[in-house]
2 protein chains.
Amino acid sequence: MLNPAFQFKLQHTCKHTKARAGELDTPHGKVQTPRFMPVGTLANVKTVTPAQLSDCDAQMVLANTYHLHIQPGEDLVAEAGGLHKFMHWSGPILTDSGGFQVFSLSQIRSISDHGVVFQSPRDGKVIELTPEKSIEIQNQLGADVIMAFDECAPYPASYEAVAAASDRTTRWLERCLRAHARSDQALFGIVQGGVFLDLRRKSAQELVAFDLPGYAIGGVSVGEPPELIAKIVAAATPWLPEHKPRYLMGVGTYREMAQSVAAGIDLFDCVIPTRLARHGAALVAGDRWNLKNARFKRDFAPIDEDCPCYTCTNFSRAYLNHLLKSQEILGYTLISIHNITELIRFTKRMRAAILADRFVDQFSEFLSDGSQA
Amino acid sequence: MLNPAFQFKLQHTCKHTKARAGELDTPHGKVQTPRFMPVGTLANVKTVTPAQLSDCDAQMVLANTYHLHIQPGEDLVAEAGGLHKFMHWSGPILTDSGGFQVFSLSQIRSISDHGVVFQSPRDGKVIELTPEKSIEIQNQLGADVIMAFDECAPYPASYEAVAAASDRTTRWLERCLRAHARSDQALFGIVQGGVFLDLRRKSAQELVAFDLPGYAIGGVSVGEPPELIAKIVAAATPWLPEHKPRYLMGVGTYREMAQSVAAGIDLFDCVIPTRLARHGAALVAGDRWNLKNARFKRDFAPIDEDCPCYTCTNFSRAYLNHLLKSQEILGYTLISIHNITELIRFTKRMRAAILADRFVDQFSEFLSDGSQA
């Protein structure tokens, strides 16, 4: 039986869209939704300490099962007392199932109903991941929310191939649920179906029959035109139960987050804030600025005067430009802190707008199809 | 006239050695000596934020005139409101003169009494540094303590060559003093003389005639046997005035710091804590541990149980081993935080021991010649 800590309280719903404000309870604390979750692939959010992450107002963070299985291994993390203790994050953690990474990062040897055999890009070792194995790893890692092992079809792929992957994902979900051994972890299912809206609906309907504590939409942001994302989300969410959290995997762009919130999504994750930072790009009001650009050389304003983050309250664009030009790692840290804060604030602003019945007014620039944001 | 803020109060002197505890006042706060100063070459201590640096209990930090002249340029730093504001360090800052870097990092075109012409390793640009120029740059950067431009002879070098460089350093000091235009910056002279103890004495004696607010010993840690460092220091300090601060440039190893404190040194700087961290090495009780080593893989203790730093209070050796193996930048940050804290604590422990008249007792392992520390 699932720990009663996993409650999702729906607090308010938008009158004009499906946008909602809620609160997800976990054994390690609450998550106010909609909310962006930073990604800590290898049990750390790249270049950012947990203390800095707290200052960014991060609530739930992600870690990647695939990466942690390869290095340092789930047994070591368990021996350390679990992921929270190992990486020193006392808030909620979510681990993905490894499915997405197996299909996007690895050299696949074979895929069958049993599972996937692939070669580790780290040392060439042949690894098998099955629904049971993914859940066993996630049980050992000990995150608050864990994900079902899914087959993520590539883009583009034929209707038949996507349908087969989607069906297999449903069959695997059953095995995941049987394998799942911890009541202090909530297992979310993943809606698949690629860009085929009827397959998305079918997948959602099948998953709902399992009465899960939460549902994710996976297999997006894999190369399809970004304007399809909101359509994919809108095809699935009407079939998902209202009183369960909904998580759109791997999406962290302003426009797609706003449109997905309008379609009823509660949680997001993406590596974009830290990845952009390592390329010197800062997220500002729906835009990206390359701080290496010469126009910032003598610009002594902060990245964003309205941003309360450590970077914006203490450092200038000129200083960041100098650090980037000098290839100083501190530049990546400072921009990561800003970018993470910025995406969390964006989702917090959506939440506040929903609660105040002003979501459509305030986010219209992101909701209209013609927006350049 | 020098700002009266620059007072050096001698608080206690060891009965058995020349070790002393003091307090240096600067326009940006006090420095309790003996004290280790972290190095922020390019206006940042590599991988560490100023907030983290404060948590390490750093008081005065260094920045490098040579590097900042090349990138971003002293005019930009001045436009930003000076180094303190630019790098967001509100405590005392010291800039070196660029002399050491010109002679160790650049391709020298010519050296004359006028100054040094060299080629920037960054873009091949030909740059001339003179005593006047070095001081002008440092006046623009705006550190609390600035250094005289010196000629740093290589090691090994002939007696004649070292004597000539040392004499030139004294001649340049006079020009530095004439060029120095800010009363809120204290200009320290630099004792040269290589490994020749009589030249060290002569240099110290010549410098003292200028009645400077502080004195440094330069041109050490340039390749000479480490056991010579204490001898070089001991040859110079007896000639330096007791009531002025003494700074040993570029030294940050336990044994050499302890022996130099015993010879009357108050301040140290070195890139060692951050450089070692980027190689995965942690400083522990006089030793260096390579945390990449397999023996730390399942070691769930902190680097040092007695260390109060952010890293030691929250993370295990196993976690750091994992970050290093994964080449995660956060590992370098966390180890830098520990290493900086460790060297500052080492100098703070020496200070406390001097004040308690227990310096020789407590640091005997570092003071005896036979020590392996």
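This is a predicted model: local features need pLDDT of at least 70, side-chain atom pairs count only at pLDDT 80 or more; totals for chains, interfaces and linings use all residues.
The numbers on confidence come first. Both ipTM and pTM stand at 0.97 for the model. For chain A, the mean pLDDT is 96, with 99% of its residues at 70 or more.

How do the two copies sit relative to each other? In general, a rotation about an axis plus a shift along it is enough to relate two copies of a chain.

Next, the interface itself. Chain B brings 37 residues to the contact, and chain A brings 37 residues as well. Putting the chains together buries about 3400 Å² between them, and 58% of this area is given by carbon and sulfur atoms. As for which parts of chain B do the touching, six helices turn up with at least two residues each on the side facing chain A: α1 (50-55), α3 (74-79), α4 (83-87), α12 (310-314), α13 (317-325) and α14 (329-355). Of the elements of chain B, α13(B) gives the most to that side, namely five residues. Sorted by class, the side of chain B that touches chain A holds 20 nonpolar residues, alongside nine polar and eight charged ones.

Salt bridges show up both between the chains and within them. Over all chains, the search of the whole structure returns 42, while the count between chain B and chain A is six. One salt bridge pairs K46(B) with E328(A), and its closest N and O atoms lie 2.6 Å apart. Inside chain A, the side chains of K133(A) and E136(A) form another, at 3.9 Å from N to O. That distance falls within the 4 Å cut-off for a salt bridge. Both residues belong to helix α6 (residues 131-141) of chain A, and because they are three residues apart there, about one helical turn separates them.

Finally, a few spots of backbone geometry deserve a mention. In chain A, Q71(A) and P72(A) are linked by a cis peptide bond with omega of about 5°. P72(A) lies in the loop that runs between α2 (65-70) and α3 (74-79) of chain A. Chain B has a cis peptide bond too, between Q71(B) and P72(B), with omega again about 5°; P72(B) sits in the loop between α2 (65-70) and α3 of chain B. D211(A) is another case: although not a glycine, D211(A) has a positive phi, about 50°. Its place in chain A is the loop between α8 (197-208) and β12 (215-217).

Notes. Residues are numbered from 1 along each chain as its sequence is written. Chains are lettered from A and ligands numbered from 1 in the order in which they are written. Side-chain values use heavy atoms; hydrogens and water are left out. Contact means heavy atoms within 4.5 Å. Buried area is the accessible area (1.4 Å probe) that two parts lose on being put together, summed over both. Helices (H or I, at least four residues) and strands (E, at least two) are DSSP runs, numbered from the N terminus. Ala, Val, Leu, Ile, Met, Phe, Trp, Tyr, Cys and Pro count as nonpolar, Asp, Glu, Lys and Arg as charged, and the others, Gly among them, as polar. pLDDT is the predictor's confidence in each residue, from 0 to 100.
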